[in-house]
Amino acid sequence: MTSNDQTKERACDDTTCTEDCATCPSAHKQSASKGLPPKAMIVVRHVILVLSGKGGVGKSTVSVNLAFALANRGMNVGLLDLDFHGPNIPKMLGIEKQRPALLSHAIEPIHVTENLAVMSMGFLLPDTSTPVVWRGPMKMGAIRQFLTDVNWGSLDYLVVDLPPGTGDEALTIAQIAPNVKGAVIVTTPQEVAVMDAIKAAKFIEQLDIPVLGVVENMSGMICPHCHEEIDLFSKGGGKKAAEDLGVPYLGGIPLDPEMVKAGDEGKPFILQHKDSPTGKAVDAVMENLIHLVES
Ligand SMILES: Nc1ncnc2c1ncn2[C@@H]1O[C@H](COP(=O)(O)OP(=O)(O)O)[C@@H](O)[C@H]1O
Ligand SMILES: [Mg+2]
Ligand SMILES: [Zn+2]
């Protein structure tokens, strides 16, 4: 069954409906037009989706570093982890033991800094090794709740970390989130990854969402001994994908053992290694992206 079929099967066309039906994208409009109090949709200037064709290419890493780059520039930022089957953001930020407070009508996200709040399915699951069976409509309901029931405050940016590929999560957030500015496609340089990245980009374009640009992650490698760059997996695949798609190339981030360490230790890379070659590369990518979005 495709996501579209599921949407049809469950879509709510009852015009008196005031519930936030998981699969009814127009529920809020309906209740608003009838003068009933709608459940408040997140207030955000720009929603940015982080997507890839393949897993393990660095989406969550890019999402975390983008969120911190934005927060460091004084923006109010939300980071939403929509990888239901592998919610890694809490671990990458060292907050996997924390649990959001459930207030009477809202969920309080985890504040990692004064202006950066995080929400992840990982917080709501009993433990990180529990696999969860999620059917499409359940995911849609959870995603809607993340947008309506979380006490985000007024955000400049919501960075959304997605699972790989073109599934329900990307489709749902693209359909129901307000002010979706576009998607960042993360790929590694290898041709197989690039092929899937192009597929993911085309899927995004089909949803009428702009592709903001392509990031090539694991682009070359920084030697842990001499800190020089080694051309390990070749380079240039991301740039070529961007050219083929006619979208901006946002830059490359080398493979750096410090990055693995940062992820495993729950300390955002960008905060610790600003002046290393990789830190500068990460910063340049984020700068390009922010410039694009703000201009
Ligand atoms: N540039 C990089 N250099 C070294 N390790 C990286 C880099 N980018 C990501 N990683 C590591 O690779 C693994 C997968 O990255 P992750 O961001 O979880 O990918 P995805 O979200 O696409 O599945 C993580 O352990 C992460 O720390
Ligand atoms: Mg991930
Ligand atoms: Zn070396």
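## Overall picture

The protein chain holds twelve helices and nine strands; helices (H or I, at least four residues) and strands (E, at least two) are DSSP runs, numbered from the N terminus. This is a predicted model, where local features need pLDDT of at least 70, side-chain atom pairs count only at pLDDT 80 or more, and totals for chains, interfaces and linings use all residues. Residues are numbered from 1 along each chain as its sequence is written, chains are lettered from A and ligands numbered from 1 in the order in which they are written, and side-chain values use heavy atoms, leaving out hydrogens and water.

Of the chain's 295 residues, 55% count as buried. Here buried means under 20% relative accessible area, exposed means over 50%, and partly exposed lies in between (1.4 Å probe, protein chains only). Among contacts with a separation of 6 or more, 75% link residues 24 or more positions apart; a contact means heavy atoms within 4.5 Å.

Let's look at a pair of helices. Helix α6 (residues 136–148) packs against helix α7 (residues 168–176) at an angle of about 40 degrees, and their axes are 10 Å apart. Axes are lines fitted to C-alpha atoms, for helices over the stretch in contact, and angles run from 0 to 180 degrees between N-to-C directions. α6 and α7 are therefore oblique to each other: angles under 35 degrees count as roughly parallel, over 145 as roughly antiparallel, 65 to 115 as roughly perpendicular and the rest as oblique.

From α6, the residues Gly-136, Lys-139, Met-140, Ile-143, Arg-144 and Leu-147 meet Asp-168, Glu-169, Thr-172, Ile-173 and Ile-176 of α7. The residues of this contact divide into five nonpolar, two polar and four charged. In this scheme Ala, Val, Leu, Ile, Met, Phe, Trp, Tyr, Cys and Pro are nonpolar, Asp, Glu, Lys and Arg are charged, and the others, Gly among them, are polar.

## Buried residues and their contacts

Not counting residues up to four places away in sequence, Ser-63 touches Val-50, Leu-79, Ile-89, Val-159 and Asp-161. With neighbours within four places left aside, Asn-65 is in contact with Met-259, Pro-268, Phe-269, Ile-270, Val-282 and Met-286.

Ile-110 sits in strand β3 (residues 110–113) and is buried, with a relative accessible area of 6%. Beyond its neighbours within four places in sequence, its contacts include Ile-95, Pro-100, Leu-116 and Phe-123. The C-alpha atoms of Ile-110 and Gly-78 are separated by 9.7 Å, although these residues are 32 apart along the chain.

## The zinc ion

Which protein donors does the zinc ion (ligand 3) have? They are Cys-223 (SG) and Cys-226 (SG), lying 2.2 Å from the zinc ion. Donors are N, O and S atoms within 2.8 Å of the metal (3.2 Å for Na, K and Ca); water is not among the atoms, so sites may look incomplete. Cys-223 counts as buried at 10% relative accessibility, whereas Cys-226 is partly exposed at 46%.

## Two positive phi values

Most residues other than glycine have a negative phi. Asp-208 has a positive phi, near 65 degrees. Asp-208 is in the loop between α8 (191–206) and β7 (211–222), and is exposed, with a relative accessible area of 71%. Met-218, which lies in strand β7, also has a positive phi, near 60 degrees.
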